[in-house]
Amino acid sequence: MTPTPNAFHHAARRALHDPALTAAVANATNTAAYKRRLALFAFGHEHGEAMRQQAAEARRRTLARLPQLLEQAEAQMQANGIHVLWAQDSAEVREQVIRIARQHGVRRIAKSKSMVSEEVELNHALEADGFEVLETDLGEFIIQLAGEPPSHIVTPVIHKSKEMIRDLFVERLAMPPTDDATEMTRFAREHLRKGFLAADMGISGGNFIVAETGTLCLVTNEGNGRMVTSLPPLHVALVGIEKIVETLDDYVTLTQVLSRSATGQAMSVYSHMINGPRRPDEQNGPDHVYVILVDNGRSRIYNSSYAEVLTCIRCGSCLNICPVYEAVGGHSYGWVYPGPIGAVITPLLLGLDRATPLPYASSLCGACKEVCPVDIDLPRMLLDLRHELVQQKKQPLLWRAGLRGWALMARSPRLFGLVARLGALGSRLLPKRRKLPIGPLGAWTQSRAVPDLAPQSFHQWWASRTKEGE
Amino acid sequence: MMSSRELILRRLKSHPAGSLPGPVERRAMVPEPADLCAAFVEQAQKLSCIVHRCEDAVDTLDRLLSIIGEDRRILSWDPHCIPLAGLADVLREAGIEIAPSHDASVRVGVTGVDAAVAGTGSLILASGPGKARLVSLLPFVHVAVVTEDQLVPNFEAWAARQRAAGLAGFRQASHTTVISGPSRTADIAMELVLGAHGPAEVQLLLCVAGA
């Protein structure tokens, strides 16, 4: 998808006027946030906080030794019979996948959910090269049919109502009309089952790679992750270089914190660990497994003051708790990663220039840090990004002039008093509806009423009081 | 020309080495249950599994046959890999054939487990000779035979066992999966539906060890 984060204000305004969308998103996020709380604190608050701390420690320990652990993971995966490739950017990922597909004579590809594949726009490139690509996660399948990007990193289709999905299935797949979610899911199951069985190649993401054992770990609820890594003779996994964990024990910690945080389950239905291609004495499994380690801007983040954001395990908790995400939905953010995590990593991955509104798409309430299973300080990073924007003079001229004027006024008591008196006078002359018709202040009052300024300022009152006391 | 691998690693290594985070006291995500068996049954039922507590091998086989019902083709692990005495004979006598593991038209798949997690009601299955991974995935109904001595308190305890055994055994299996209940989705309007791609029904035959 073409990134459009700079259109955030426009997209958000449209979303805010779409009651069906805001209701669907609020329903989904509130449910998910509630289930998360029940699951994470199932054994008490202290226990839950200790699990978060343990998860954060495991991820930070990885980050501190990332290059060494990547080398270890590569060597161990190779020892397990996995082909390991490295890709610096989107174009290189696409080239490598296409090269592998051609080399193995692939025509049909079944995919399970992978945010990296969205990030590098893989489907488009594969289809342009004549491959058939089928998304098999139910949510991803629905948005593939609709020709839309995902709006949430865990539950990609929360912006759509059941009726919208029904109409889509009836229209595009000739589903017999039904309003029953189970019947709709069964219908999709039959359709996608054929795709799994016919696929020459499976593409997946990866939730973790265990460095000490060279194990690729995937977490799914539907079972499509197991299908695409078990049925086709060839499996290619796209994994960000930050997804390494040091030990099997760290994986055990993190996969459970991920399940509890993402969907409120103690364990996702399928947590599977892949140690390579089918062994000679095994009946099922691919003959070839490739893991592509994807940089695509991550090593740049690693060398910046935002490195901690690379500990993210993509659980979606910060999306589910964020008042801004709840109000504007995922598409407003204009790229693959929405919500507070998206507001930080989108500018870091695409460049601040291409996502200037996103650091402001937050009320800085701090809820995202509070729920983060690895305790990433997202509010601090949002502030730092704003600071960078100001330093690089990326804000509109009027905005900067306004702030400079404010700074000037706020530094001089005399000027402050004068402006306050003028303001009090001016507010009495305002029309009753308290909306300013024109100019920058007009934009400001579109969603706010101008407050009444007190007829007398504190300073004036204090001065008169002191006089009386004399 | 430098390869992508070298370029990426060089960029990462240019990062000034920071101090490693201090160690944190590790604790299991799920506290160790007092009664493994009772906890396993309770948790598995919460996940929508159907749990049968079987008295002996005969009882277990009876229940298995009633789940298979009229079907004459099933998917199954090699009966020698399932801890249920007489399984191969009973299937043969009933005229039930074991289909190739990639046959997606079969309704019931029968497996054993390598371990079962009491604290979360999960099953752990490692692939290997006679233990085809598709048996627990393709059919609509997954039947797993679990013996009480296969229960571990939590996932951490399973990992500790793999480590004690040297991790080589773990790495030999191309695929180890932790299954927690039937396949599920809530992608359509957050409504929970069982049986998205994998089994919609998980039946557990829990037996006393050595029965």
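## Cavities, a pocket and selected elements of a predicted model

About 90 Å³ of space lies in the second largest cavity, a cavity being a set of points, on a 1 Å grid over the protein atoms alone, where a 1.4 Å probe fits but cannot get out, with lining residues having an atom within 4 Å of a point. Grid points are joined across faces, edges and corners, and a volume is the space filled by probe spheres set on the points. This is a predicted model, in which local features need pLDDT of at least 70 and side-chain atom pairs count only at pLDDT 80 or more, while totals for chains, interfaces and linings use all residues. Residues are numbered from 1 along each chain as its sequence is written, chains are lettered from A in the order in which they are written, and side-chain values use heavy atoms, with hydrogens and water left out.

### Enclosed space and the pocket

The count comes to 5 cavities of 30 Å³ or more. For the second largest cavity, the lining consists of 14 residues, and those nearest its centre are C322(A), P340(A), S362(A), C365(A) and C368(A). Helices α17 (367-371) and α18 (378-391) of chain A each supply at least two residues of this lining, where helices (H or I, at least four residues) and strands (E, at least two) are DSSP runs numbered from the N terminus. The largest cavity also has 14 lining residues, with C312(A), C315(A), C318(A), C372(A) and P373(A) lying nearest its centre.

A pocket, by contrast, is an open set with protein on both sides within 12 Å along at least five of seven lines. In the second largest pocket, 45 residues form the lining, and K113(A), I153(A), V154(A), V219(A) and T263(A) lie nearest the centre. The elements giving two or more residues to that lining include β6 (215-220) and α12 (248-263) of chain A, together with β10 (184-185) of chain B, while α2(A) gives the most, with 5 residues.

The table sets out volumes and lining classes, in which Ala, Val, Leu, Ile, Met, Phe, Trp, Tyr, Cys and Pro count as nonpolar, Asp, Glu, Lys and Arg as charged, and the others, Gly among them, as polar.

| Space | Volume | Lining residues by class |
|---|---|---|
| Largest cavity | about 110 Å³ | 12 nonpolar, 1 polar, 1 charged |
| Second largest cavity | about 90 Å³ | 11 nonpolar, 3 polar, no charged |
| Second largest pocket | about 950 Å³ | 17 nonpolar, 18 polar, 10 charged |

### Cysteines

Over all chains, 0 disulfides are found, a disulfide being a pair of cysteine sulfur atoms within 2.5 Å. For C217(A), the nearest cysteine sulfur is that of C312(A), 17 Å away, and C217(A) is buried (under 20% relative accessible area, with exposed over 50% and partly exposed in between, for a 1.4 Å probe and protein chains only), its own value being 0%. For C49(B), the nearest cysteine sulfur, that of C54(B), is 14 Å away, and C49(B) too counts as buried, at 7% relative accessibility.

Helix α5 (residues 90-103) of chain A has 14 residues and should span 20 Å, which agrees with the 20 Å between its end C-alpha atoms; the expected span is 1.5 Å times one less than the number of residues. Its buried residues include V93(A), V97(A), I98(A) and I100(A), and just after α5(A), G105(A) takes a positive phi of about 60 degrees.

An open sheet of 8 strands with mixed pairing runs in the order β8(A)-β5(A)-β6(A)-β9(A)-β9(B)-β6(B)-β5(B)-β8(B), two strands pairing if DSSP finds at least two bridges between them. At the edges, β8 (244-245) of chain A and β8 (151-152) of chain B each pair on one side only. Within chain B, β5 (residues 115-117) and β6 (residues 122-126) run antiparallel and are joined by 3 bridges, and A115(B) has I124(B) as its bridge partner in β6(B).
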